[in-house]
Amino acid sequence: MTLTADTGIGALGDPSGPGPAQLPPIPDGAVMVTVTIQRFNPELDEAPHRESYRIPALPTDRILNLLHYIKWYIDGTLTFRRSCAHGICGSDAMRINGRNRLACKVLVKDVITDKKTEVTVEPIKGLPLEKDLLVDMEPFFEAYRKVQPFLITHSNEPSREWIQSPEDRARFDDTTKCILCAACTTSCPVYWSEDAYVGPAAIVNAHRFIFDSRDQGGQERLEILSDAEGVWRCRTTFNCTDACPRGIEVTKAIQEVKRALMFRRI
Amino acid sequence: MQFHRYDVVIVGAGGAGMRAAIESSQRARTAVLTKLYPTRSHTGAAQGGMCAALANVEDDNWEWHTFDTVKGGDYLVDQDAAEIMCKEAIDAVLDLEKMGLPFNRTPEGRIDQRRFGGHTRNHGEAAVRRACYAADRTGHMILQTLYQNCVKLGVEFFNEFYVLDILLTETDTGPVCTGAVAYELATGEIHVFHGKSVVFATGGAGKVFKTTSNAHSLTGDGMGVVFRKGLPLEDMEFYQFHPTGLAGLGILLTEGARGEGAILRNASGERFMERYAPTIKDLAPRDIVARSMVMEVLEGRGAGPNKDYVLLDCTHLGAEVLETKLPDITEFARTYLGVDPVTEPVPVFPTAHYAMGGISTNVRGEVLRNNTDVVPGLYAAGECACVSVHGSNRLGTNSLLDINVFGRRAGIAAAEHALSTGDVLVPEPENAAGFVEGMVGNLLASTGGERVAEIRTELQATMDANAAVYRTEATLKQALQDIRLLRERYARAAVQDKGKRYNTDLLEAIELGFLLELAEVMVVGALARTESRGGHAREDYPTRDDTNWMRHTMAYKGVAGGVMDGLDGGGPVDSEIRLDYKPVVQTRYQPMERKY
């Protein structure tokens, strides 16, 4: 058990912890937080279980800082993905207190109060669990690739750029913000229960091209999305919109794709 | 151990790697090996724009862009390379647009352009609108667009494959690159990729510093792999500090904010850049702005309770400009500092941002093994490379340009080289996986008491304190001493995770080895260079010295027997670094005093 006598920092209830680490100095204004993490090591465990850690944190720390603290000073086996640490790369989507969020965009002060100093962190749902907070992203990217997420043009290319008015550019601005973090797709109850459903993120990326005035592949893409696994599976629960760390109106985008399908079918 | 054979092996899937892959995969059988999923790469964090003299909104031409790049780089730029980059910039932007990149548009529907630091009309007369942009998400759009086109072309990716070695085979005419060795994160397996060409596009090394705009994954792996083979790293002492990092956090706020009119102010509200760069003020190049900001703080004019930052004032831009042209940085300030740029100035301070130096290449992306000879089959592009188009200080937007122009060139050259060798296959060296097996095995077996996180924290602390915006002989010697002690401790570093599946504990330990190695190269080069130029500011040598220092540093690992003798995996670390120098290519422009 890793402990410093006065703070009680360490893994709670873990008698076989690693050797003592030189803990970094506790900054002024830090509070003690209990972080409960779903752990799963495929080489040792038969099933996931929970472990709790009591550590110091600043109200302005990101949840990612807490995970790093645990990994760097308490248990090096804790495994998660992260890279940019400011909400741009999309590596660290996870369930924080039951909601899909990026660990680098949730601050401690957003999830704790004077009365409640606990935070729970679990992997996103609906993708195969690999280790601790890390899941297999391949099915997610497979669905993305299925919607032909690239500009399709058939006419002769201009010698300079394609002309596009600011209004036409604004039409699909919202869905260009997607960072493929999978927070939306793995918050969707339909995706959890039917893994053939392409999921919100794939539809968002289809939307990004369907409503791009330069694109000429709309019909092909709409065929794909009207398939059994396509857009009609959406039950409009709005989980995806709540989950999106980029503030994309995901459900609205899905509705717009549905309308485009109906319009072209009539 | 698994064995694979490709024509071209690309290492890294950021902007440069994927731009190379788009060219290479249409010509030759190509594999892309990447430590991260491609869309996680740090190209996606670039914000402000990509310069090209399209002249869509005002008069401009590529020669002005070339001049600005050379002057911005404090004349250490190879002028032939800068000319190529600025000429090809126009097609590079148009290519991206045709690939689907959603640039912001002018009222006429053309690609819109904004002002950026150091980019001027007619050799310095005034700031020019040259940066093509998509809000403050230009890098994100480039990364997504390139990935989309890789999907379209069916590019073969090996995601979360961490390349730890290159294969060099000795021939009559010198060493030839024959492949790369990767550690598969999911399984712990080692893979040997035989390739007729290998392209390194592995990005930067910002994590040698504590306060940085760089991602956790930017640990200089590619530069370190090449350096350990005895190949030179060029100009590593030149490191760029971006003026506007969120104070205390280092998160980037684009120079595009100042391009749109934001102003830097000190504690008394003074627009201090008027004193340092009277003509273009806040849009001076980054080295000058960063030095000026540090000087304001050192002289007691910093803002905040500890007077340790300055303020970026966007309040006069209005909510609409901020929400439409600078939405992401507006959100970063709100989320991470609780400051709303619409109503309050934002605390900022320079943040470690970009390595001007790197793996020495020519304009085809071929990697040099000395001042004149290349290693056939080995290419590098992007931040990990040094062409050198940035000299001692890169202009804003020129990195997104660099990755597109030289990523494309490296991809074409690598594919053509692979095809030109026909059926002739240089075999990989014996025991190709040996070095990586040794390194991984030793780290997993180590029972030493040193913790990776502690060593890394101390490294970052000494680099921030002693080798950041301003340096002196004394601070650099302190940094070097610290680094050498940390390297000794690193030899006793152990990991807690001994498993094979997704062992990110091991990954961080390996990354730290590269960071330590590169920090030492940066500091040794900085100690030797007794002048101030661009991103290298010596308080004890405050002026540029063209007589003695108008030359590129070429740093070699002092390994016995030359280029082929790498380290034994995890064995004792040889700290000796040998410095050599290479002339700067000058064509049109004679060095002048740098005023803005």
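This is a predicted model: local features need pLDDT of at least 70, side-chain atom pairs count only at pLDDT 80 or more; totals for chains, interfaces and linings use all residues.
Within strand 15 of chain B, the residue opposite B:E234 is B:G358. Both strands belong to an open sheet of five strands in chain B, ordered 18-15-10-21-22, with mixed pairing. The edges are formed by strand 18 (385–386) and strand 22 (577–583) of chain B; each has a single partner strand, so one side of each is left without a neighbour in the sheet.

Helix 5 of chain B packs on this sheet, where it touches strand 10, strand 15 and strand 21 (551–557) of chain B. The direction of helix 5 makes about 45° with that of strand 15 of chain B.

## Packing of helix 5 against helix 15

Helix 5 (residues 221–228) of chain B also meets helix 15 (residues 504–528) of chain B: the two axes come within 9 Å and cross at roughly 70°. Because an angle of 65 to 115 degrees counts as roughly perpendicular, helix 5 of chain B is described as roughly perpendicular to helix 15 of chain B.

From helix 5 of chain B, the contact draws on B:D221, B:M223, B:G224 and B:F227. Helix 15 of chain B contributes B:E511, B:F514, B:E517, B:L518 and B:V521. Sorted by class, this contact holds five nonpolar, one polar and three charged residues.

## Four-stranded sheet of chain B

A further open sheet in chain B consists of four strands in the order 11-14-13-12, and its pairing is antiparallel. Strand 11 (239–246) and strand 12 (263–265) of chain B lie at the edges; since each has a single partner strand, one side of each is left without a neighbour in the sheet. Direction ignored, neighbouring strands of this sheet are turned against each other by 45° on average.

Three bridges connect strand 13 (residues 310–313) of chain B with strand 14 (residues 346–355) of chain B, in the antiparallel sense. B:L312 has B:V346 opposite it in strand 14 of chain B. Helix 8 (residues 286–298) of chain B packs on the sheet and touches strand 11, strand 12, strand 13 and strand 14 of chain B. Between the directions of helix 8 and strand 11 of chain B the angle is about 60°.

## Helix 13 of chain B and its cover

Helix 13 (residues 452–466) of chain B has 15 residues, which at 1.5 Å a residue should span 21 Å; the end C-alpha atoms are 21 Å apart, in agreement with that expectation. Its buried residues are B:V452, B:A453, B:I455, B:R456, B:L459, B:T462, B:M463 and B:N466. The elements covering these buried residues include helix 1 of chain A, as well as helix 14 (473–490) and helix 15 of chain B.

## Contact between chains A and B

Chain A supplies 42 residues to the contact between the chains, and chain B supplies 43 residues. On the side of chain A that touches chain B, helix 1 (63–73), strand 7 (129–131) and helix 4 (166–171) of chain A each provide at least two residues. That side of chain A comprises 19 nonpolar, twelve polar and eleven charged residues.

## Overall features of chain A

Chain A contains ten helices and eight strands. Taken along the principal axes, its C-alpha atoms fill a box of roughly 70 × 40 × 35 Å. Of the 266 residues of chain A, 47% count as buried. Among contacts in chain A between residues at least 6 apart in sequence, 65% link residues at least 24 apart.

Conventions:
Residues are numbered from 1 along each chain as its sequence is written. Chains are lettered from A and ligands numbered from 1 in the order in which they are written. Two residues are in contact if their C-beta atoms, placed from the backbone, lie within 7 Å. Ala, Val, Leu, Ile, Met, Phe, Trp, Tyr, Cys and Pro count as nonpolar, Asp, Glu, Lys and Arg as charged, and the others, Gly among them, as polar. Axes are lines fitted to C-alpha atoms, for helices over the stretch in contact, and angles run from 0 to 180 degrees between N-to-C directions. Angles under 35 degrees count as roughly parallel, over 145 as roughly antiparallel, 65 to 115 as roughly perpendicular and the rest as oblique. Two strands pair if DSSP finds at least two bridges between them. The expected span of a helix is 1.5 Å times one less than its number of residues. A residue is buried if 20 or more other C-beta atoms lie within 10 Å of its own, exposed if 12 or fewer, and partly exposed in between; C-beta atoms are placed from the backbone.
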